[in-house]
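Please read the following report alongside the sequence and the three-dimensional view. It begins with a single position and then widens to the rest of the chain.

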Amino acid sequence: MKLSVNPNDKTPIYRQLYEQIASQVLSGTLQPGEALPPIRTVSKELGVSMITVRSAWDELIRDGYLLSRTGSGCFVAPISEANRQGKVSEKLSAAIDETVAAAKALGVGADELCELLRSRF
């Protein structure tokens, strides 16, 4: 599992961790049943507070990405294909909404935006 944080990003660090792990779960990089490193280890490696890492883990558990087993740690939760696709669609919709709003604010039309998206693939 690869994680990094950017303290200069406006996104809170716990949310950066949340998004990275959620994306790795949804993409299949992290497989169901795979153990996550202990909170203390992640905290030390990234140079962030254990409370920050715990906050990310707690939200990931709440949202169904992780399972916590007392005395054993946290593991990637099994996610049905339908649930996975729903979560992917939700994340992409939010990103698209932000992109469309930015394009409108910059005076970029739908055709130009579509061409920009095509060029990125």
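## Ser43 and its surroundings

Once neighbours within four places in sequence are set aside, Ser43 is in contact with Val48, Ser49, Met50 and Val53. In this model, which is predicted, Ser43 belongs to helix α2, and Ser43 counts as buried because its relative accessibility is 8%, where the cut-off for burial is under 20%.

Leaving out residues within four places in sequence, the contacts of Ala103 are with Val108 and Leu113. With Leu113, which is ten residues away along the chain, the separation between C-alpha atoms is 7.1 Å.

## The largest nonpolar core

The largest nonpolar core has 21 residues, among which Ile21, Trp57, Tyr65 and Leu66 touch the most other members. At least two residues of this core come from each of α1 (13-27), α2 (39-46), α3 (50-62) and β2 (73-76), and the largest share, six residues, is supplied by α1.

Which residues does Tyr65 touch, not counting those up to four places away in sequence? Tyr65 touches Tyr18, Ala22, Val25 and Leu26, then Leu60, then Phe75, Val76, Ala77 and Ile79, and finally Lys87 and Lys91.

## The chain as a whole

Five helices and two strands are present in the chain, and, read from the N terminus, these elements follow the order α-α-α-β-β-α-α. Taken along the principal axes, the box filled by the C-alpha atoms is roughly 55 × 35 × 20 Å. Where contacts join residues at least 6 apart in sequence, 50% of them link residues at least 24 apart.

Of the 121 residues in the chain, 25% are buried.

Conventions
Residues numbered from 1 in each chain as written. Predicted model: local features only at pLDDT ≥ 70, side-chain atom pairs only at ≥ 80, totals over all residues. Heavy atoms only, no water. Helix = DSSP H or I, 4+ residues; strand = E, 2+ residues; numbered from the N terminus. Buried < 20%, exposed > 50% of the residue type's maximum accessible area, 1.4 Å probe, protein only. Contact = heavy atoms within 4.5 Å. Core = buried A, V, L, I, M, F, W, Y, C linked by side-chain atoms within 4.5 Å.
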